[in-house]
Amino acid sequence: MATKNFCKAPECEMHTFVLHVGLRGNHSDEKIEALKAELAVFLKTQPENSRNIQPSLKQHLVGFLNVLLDRINTLVWVDKIGSSFFIVISVQDGKNMVIWALHQSLNRLRHQASKVVGQFLTDREQVPLLGLPKVLEEDVKDFIPTHGE
């Protein structure tokens with residue numbers, strides 16, 4: 001029998017997206033963090049099974065980036081892979097960005113706990129220093145966002 005999530009509060013969500021920046025061009029940390037925050041808010045407000053999320057995500061990011069980067073020729077390519085997204089942002093002056101929005105299930109207590117711990121870490125090398133059970137270490141590493149080169 002399938003269980004239904006009756007809680008509608010944000011802390012009761014059964015999935016999340018972990019954002020990894022693979023390529024950042026020479027954009028400032030502030031601009032990268034603003035883009036990640038906007039992307040996180042957009043993905044959080046969309047239903048998990050929405051079929052129209054890919055074109056609406058692309059359109060939303062183009063509008064946001066044109067303001068953030070003060071450019072009118074920003075191209076965005078969004079590829080949906082399973083429940084995750086691969087996003088390539090091409091900027092007029094060649095300072096391109098690549099971001100992965102990796103879908104992570106939160107349907108188990110260990111995933112919920114791993115997400116909380118991972119949000120406070122900045123480097124995967126910190127995980128073994130926490131003294132966690134080995135079974136949790138890889139789960140925690142999955143929730144640590146990366147910031148690119």
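This is a predicted model: local features need pLDDT of at least 70, side-chain atom pairs count only at pLDDT 80 or more; totals for chains, interfaces and linings use all residues.
Trainee: What is the overall make-up of the protein chain, and in which pattern do its helices and strands follow one another?

Mentor: The protein chain has 4 helices and 4 strands, and along the sequence they are arranged as β-α-α-β-β-β-α-α.

Trainee: Which residues of H1 and H2 meet?

Mentor: From H1 the contact includes Lys 31, Ala 34, Leu 35, Glu 38, Leu 39, Phe 42 and Leu 43, and these meet residues of H2, among them Ile 53, Leu 57, His 60, Phe 64 and Leu 68.

Trainee: How do the residues of this contact divide into nonpolar, polar and charged?

Mentor: The contact of H1 with H2 comprises 11 nonpolar, 2 polar and 2 charged residues. Lys and Glu count as charged, and Lys 31 and Glu 38 in H1 belong to the contact; Ser and His, by contrast, count as polar, and Ser 56 and His 60 in H2 are part of the contact.

Trainee: What share of the protein chain is buried, and what makes a residue buried?

Mentor: A residue is buried when its relative accessible area is under 20%, and buried residues make up 31% of the 149 residues in the protein chain.

Notes: Residues are numbered from 1 along each chain as its sequence is written. Side-chain values use heavy atoms; hydrogens and water are left out. Contact means heavy atoms within 4.5 Å. Helices (H or I, at least four residues) and strands (E, at least two) are DSSP runs, numbered from the N terminus. Buried means under 20% relative accessible area, exposed over 50%, partly exposed in between (1.4 Å probe, protein chains only).
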